[in-house]
Amino acid sequence: MLDKELLEQQLSELPLYLYHFIETKELLFSDRIRYICETECPMYGKSWACPPGTGTVPECRERCLSYPKALLISTITEVNDIANIEETLATRGDHEEITRMAADLVEAQAGKVYILSGEACSICEECAYPHEPCRFPDRMNPCIESHGIILSDLAEKLGIEFQYGGNIVTWFSLIFYHDCGVT
């Protein structure tokens, strides 16, 4: 069993804005989110972390729900100009590092984890998709929305503000795990 008290103490030492333990059955999946990826995101079809490289929404749903629990984490940071996409995206690296630290804490107790994060993967300058396998599958975290998860629905259920206004950048990640240490 996951020692939630110990994990919460460890998480409190990370620069997280918030965290919530959830049951994965609380997640709402929708093909609408995938449609937005396909029609509006420039990364669609260019990365293993994005559709269609992540699989269909039903496949993603099945993968996520194979883990009964998840830890939702969030970081926030302030930038000078939220409209400056380069400045905003430059804050993502810190979030990804914090996500990895939180995932390592969960994995130490629960065994194998599955991580979803907040944008397309940016580890490689050019992704191997679709001609070769991912070069760093243990470090690549697919995007939450790539799996069809409606993050705003989860945030609303948990009473989390999704947009803080001003020049605040909010990042979310989901770390899926088995509570009994099954790998």
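# Figure legends: overview and close-up views

Of the contacts in the protein chain between residues at least 6 apart in sequence, 79% join residues at least 24 apart; contact means heavy atoms within 4.5 Å. The structure is a predicted model, in which local features need pLDDT of at least 70 and side-chain atom pairs count only at pLDDT 80 or more, while totals for chains, interfaces and linings use all residues. Residues are numbered from 1 along each chain as its sequence is written, and side-chain values use heavy atoms, with hydrogens and water left out.

**Figure 1. Overview of the protein chain.** Six helices and four strands make up the secondary structure of the protein chain, in the order α-β-α-α-β-α-α-β-α-β from the N terminus on. The radius of gyration of the protein chain is 16 Å, close to the 16 Å that the globule rule gives for 183 residues, so the chain is as compact as a globular protein of that length. Helices (H or I, at least four residues) and strands (E, at least two) are DSSP runs, numbered from the N terminus. The radius of gyration is taken over C-alpha atoms, and the globule rule is 2.2 Å times the number of residues to the power 0.38. Along the principal axes, the C-alpha atoms of the protein chain fill a box of roughly 40 × 40 × 30 Å.

Figure 2. Buried residues account for 42% of the 183 residues in the protein chain. The terms are set by relative accessible area: buried is under 20%, exposed is over 50%, and partly exposed is in between (1.4 Å probe, protein chains only). The accessible surface of the protein chain comes to about 10,000 Å², and 50% of this surface belongs to carbon and sulfur atoms. Accessible areas come from the Shrake-Rupley method with a 1.4 Å probe; for residues, only the protein chains shown count as cover. The protein chain carries 14 positive and 30 negative side chains, with the centres of the two sets 7 Å apart. Lys and Arg count as positive and Asp and Glu as negative, whereas His and the chain ends are not counted. Each charge is placed at NZ of Lys, CZ of Arg, CG of Asp or CD of Glu.

**Figure 3. The aromatic cluster of Y67, Y114 and F176.** Rings of Phe, Tyr and Trp (its six-membered ring) pair if their centres lie within 6.5 Å; planes under 30 degrees apart count as stacked, over 60 as edge-to-face and the rest as tilted. By this rule there are five aromatic pairs. The ring centres of Y67 and Y114 are 6.3 Å apart and the planes meet at 10°, so this pair is stacked. Y67 is buried at 6% relative accessibility, and Y114 is buried at 16%. The aromatic pair of Y114 and F176 is tilted, at 6.1 Å centre to centre and 45° between the planes. This pair also links distant parts of the chain, with Y114 in strand β3 and F176 in strand β4 (residues 168–177), 62 residues apart. F176 has a relative accessible area of 0% and is buried.

Figure 4. L174 is buried, at 0% relative accessibility. Neighbours within four places in sequence aside, L174 is in contact with several residues, including I22, L27, L71, Y114, I144 and L154. The C-alpha atoms of L174 and L71 are separated by 5.6 Å, although these residues are 103 residues apart along the chain.

**Figure 5. Two cis peptide bonds.** Most peptide bonds are trans. The bond that joins P51 and P52 is cis, with omega about -5°; P52 is placed in the loop between α2 and α3. From Y129 to P130 the peptide bond is cis as well, with omega near -5°, and P130 is in the loop between β3 and α6 (151–158).

Figure 6. I36 belongs to helix α2 (residues 31–40) and is partly exposed, with a relative accessible area of 42%. I36 and S146 are 110 residues apart in sequence and 9.6 Å apart in space, C-alpha to C-alpha. N80 is in the loop between β2 and α4 (85–90) and is exposed, with a relative accessible area of 71%. Residues up to four places away in sequence not counted, N80 touches E87 and N167. Between N80 and P58 there are 39 Å in space, C-alpha to C-alpha, and the two are 22 residues apart in sequence.
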